[in-house]
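This briefing is meant to be read beside the sequence and the model. It begins with strand pairing and then turns to aromatic contacts, charged pairs and the surface.

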Amino acid sequence: MQFFAAIERMLIRFRYPVSLPEDVAHSLGVEIDNCIGFKNFLNACRLSRPTRIAKFMPRMEAERAFHGALRKERFSSSSLYSFYFNQGWLEFELQFDANSLLRRVYVHHKLLEGSGIYELQLPIEDCSHLQVQNDSADSLFIA
């Protein structure tokens, strides 16, 4: 059995020599098999419901989920995490608000329908740690 598992792993590495679908799946907190074809993999990413990342989660936690990415770029209000496949770079753009809370995640790849960009539907994290300050009803701070 171990022999066949090793052969299967080798064949998967011919299809995906750098990043694996399971690397992306782990970052999102979803189940995706490494044996899946790339177009089906993109579709699975697009339709997935992430469990490791959620709207309004702190920036450090959201970025920690993508620690397995090959390229990591951090900007003032966003971060870009990239995984390399034979069909090109698959990028996840995380956008944060002024309080460093995750607001949106965009998936970028040239083979995605339309403009090559898709916004992931994020679950909403419990926002009980946010409280409104007494002096201004519009500003928020983390308690």
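In this predicted model, Glu93 has Tyr106 of strand E4 as its bridge partner. The strands concerned, E3 (residues 88-96) and E4, run antiparallel and are joined by six bridges.

**Strand pairing around E4**

- E3 and E4 form a hairpin with five residues between them, and in the turn Ser100 has a positive phi of about 60 degrees.
- E4 also pairs with strand E5 (residues 117-119), in the antiparallel sense and over three bridges, and here His108 stands opposite Ile117 of E5.
- Strand E4 (residues 102-108) is largely enclosed by the rest of the structure, because five of its seven residues are buried.

**Aromatic contacts**

- The count of aromatic pairs in the model comes to nine.
- One of these pairs is formed by Phe38 and Phe85, which is tilted, with 5.3 Å from centre to centre and 50 degrees between the planes.
- This pair links distant parts of the chain, since Phe38 belongs to helix H3 (residues 38-47) and Phe85 to strand E2 (residues 78-85), 47 residues apart.
- Both Phe38 and Phe85 are buried.
- The pair of Phe83 and Phe92 is edge-to-face, because the ring centres lie 6.0 Å apart and the planes stand at 90 degrees.
- Phe83 counts as buried at 0% relative accessibility, and Phe92 is likewise buried, with a relative accessible area of 0%.
- Tyr16, Phe38, Phe41 and Phe85 form one aromatic cluster.

**Charges over rings**

- Arg71 lies over the face of Trp89, at 4.1 Å from the ring centre.
- The charged end of Arg46 sits over the ring of Tyr118, 5.6 Å from the centre of that ring.

**Salt bridges**

- The structure holds six salt bridges, and one of them is formed by Glu63 and Arg74, whose closest N and O atoms are 2.9 Å apart.
- Glu63 is buried, with a relative accessible area of 9%, whereas Arg74 is exposed, with a relative accessible area of 54%.
- Arg103 and Asp97 meet through their side chains in a salt bridge of 3.8 Å, N to O; Arg103 is partly exposed at a relative accessible area of 31%, and Asp97 is partly exposed at 23%.
- Glu119 and Arg104 meet in a salt bridge of 3.5 Å, N to O, and this pair links distant parts of the chain, Glu119 being in strand E5 and Arg104 in strand E4, 15 residues apart.
- Glu119 counts as partly exposed at 29% relative accessibility, and Arg104 is also partly exposed, with a relative accessible area of 34%.

**Nonpolar surface**

- Phe3, Phe4, Ile7, Met10, Leu11 and Phe14 make a nonpolar surface patch of about 700 Å².
- Met10, one of the residues in this patch, has its place in helix H1 (residues 2-15).
- Met10 counts as partly exposed because its relative accessibility is 43%, a value that falls between the limits of under 20% for buried and over 50% for exposed.

Definitions and conventions. Residues numbered from 1 in each chain as written. Predicted model: local features only at pLDDT ≥ 70, side-chain atom pairs only at ≥ 80, totals over all residues. Heavy atoms only, no water. Patch = residues over 30% accessible without salt bridge, like charges linked within 9 Å, V, L, I, M, F, W, Y side chains within 5 Å. Areas by Shrake-Rupley, 256 points an atom, 1.4 Å probe, with all protein chains shown as cover. Salt bridge = Lys/Arg side-chain N within 4 Å of Asp/Glu carboxyl O. Helix = DSSP H or I, 4+ residues; strand = E, 2+ residues; numbered from the N terminus. Buried < 20%, exposed > 50% of the residue type's maximum accessible area, 1.4 Å probe, protein only. Phe/Tyr/Trp six-rings, centres within 6.5 Å; stacked < 30°, edge-to-face > 60°. Lys NZ or Arg CZ within 6 Å of the ring centre and 35° of its normal. Pairing = 2+ DSSP bridges.
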